[in-house]
Amino acid sequence: MNGSTGPATENRETAKWDPTFTKQISNAVGPWIKRWYRAEVRNVRNIPAAAGALVVSNHSGGMFTPDVLIFAPAFYSAFGYDRPVYTLGHYGLFIGPLESWLRRLGVIEASPENASAALHSGAVVLVFPGGDYDAYRPTFSANTIDFNGRTGYVRTAVDAGVPIVPAVSIGGQETQLFLTRGNWLARRLGITRARVDILPMSFGFPFGLSVVFPPNVPLPAKIVTEVLEPIDVTAQFGRDPDVDEVDAHVRSVMQTALDRLARERRFPVLG
């Protein structure tokens, strides 16, 4: 598979990526994010250099998650802007004034069609299977890989014939004190019918207790992201793999790496 994008694989979503705009934002915002979080991205070259790949990561930091703003500049620094990183995002991200900017930066609405088009074009696709459920995990269970039972990423990789590249990040749940996802509160208020499964509570600066709003300013916790070795799903599990088995393996590999990063960490926030 080569890295070119032809008419058979390009769709409306992937066509909106703007490499010039992405470079401008990366150069302007990337250094500030890196300084604030003392961000470190390890082993980014574990991502295959010349073919599509699905990077599967845990998600951290709540509303102001810095994951993409840490990962993307490191990727482009290593591989250049000839090949995009597409991030799969919830449709709710595209409701509002930032929609155009997000699409130009390579954020595409999460769907099998969009993911397939991006992967077949030779691009890297970044997915956070746990979504908001993961990003708002309580600080006291921060170092736990939990995708809330979501396994669709496995089928996406298998159908596209690309490797899964696990990545783990630590430190994001120290940017404020995440108390609870608030699943019980969302159910009690009946907002789950509007596809809102959590109503997270956190404590931070400057507002103290926050139930989603008002959003507190993230503390400058040190964040380390590590890209792990690719997993060739077909080679390890066959052409028609058991999705649950693959998912369990991916999460196990990620949990082992996250546990190792946690042992290296001396103090919360300081890193």
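User: What makes contact between H4 and H6, and which residues of H4 meet which of H6?

Analyst: Happy to start there! Ala 115, Leu 119 and His 120 in H4 meet Thr 156, Asp 159 and Ala 160 in H6; contact means heavy atoms within 4.5 Å. Helices here are DSSP runs (H or I, at least four residues), strands are E runs of at least two, and both are numbered from the N terminus. This is a predicted model, where local features need pLDDT of at least 70, side-chain atom pairs count only at pLDDT 80 or more, and totals for chains, interfaces and linings use all residues. Residues are numbered from 1 along each chain as its sequence is written, and side-chain values use heavy atoms, with hydrogens and water left out.

User: Why are H4 and H6 called oblique to each other?

Analyst: Helix H4 (residues 112–120) and helix H6 (residues 152–160) pack at an angle of about 45°, with axes 10 Å apart. Axes are lines fitted to C-alpha atoms, for helices over the stretch in contact, and angles run from 0 to 180 degrees between N-to-C directions. Under 35 degrees counts as roughly parallel, over 145 as roughly antiparallel, 65 to 115 as roughly perpendicular and the rest as oblique. H4 and H6 are therefore oblique.

User: And what is the angle between H6 and H9?

Analyst: H6 and helix H9 (residues 243–264) pack at about 105°, with their axes 9 Å apart. That makes the two roughly perpendicular. Here Tyr 153, Val 154 and Arg 155 in H6 meet Val 243, Val 246, Asp 247 and Val 250 in H9.

User: What is the omega of the peptide bond joining Phe 205 and Pro 206?

Analyst: Omega is about 10° in this cis bond, and Pro 206 lies in the loop between strand E8 (201–204) and E9.
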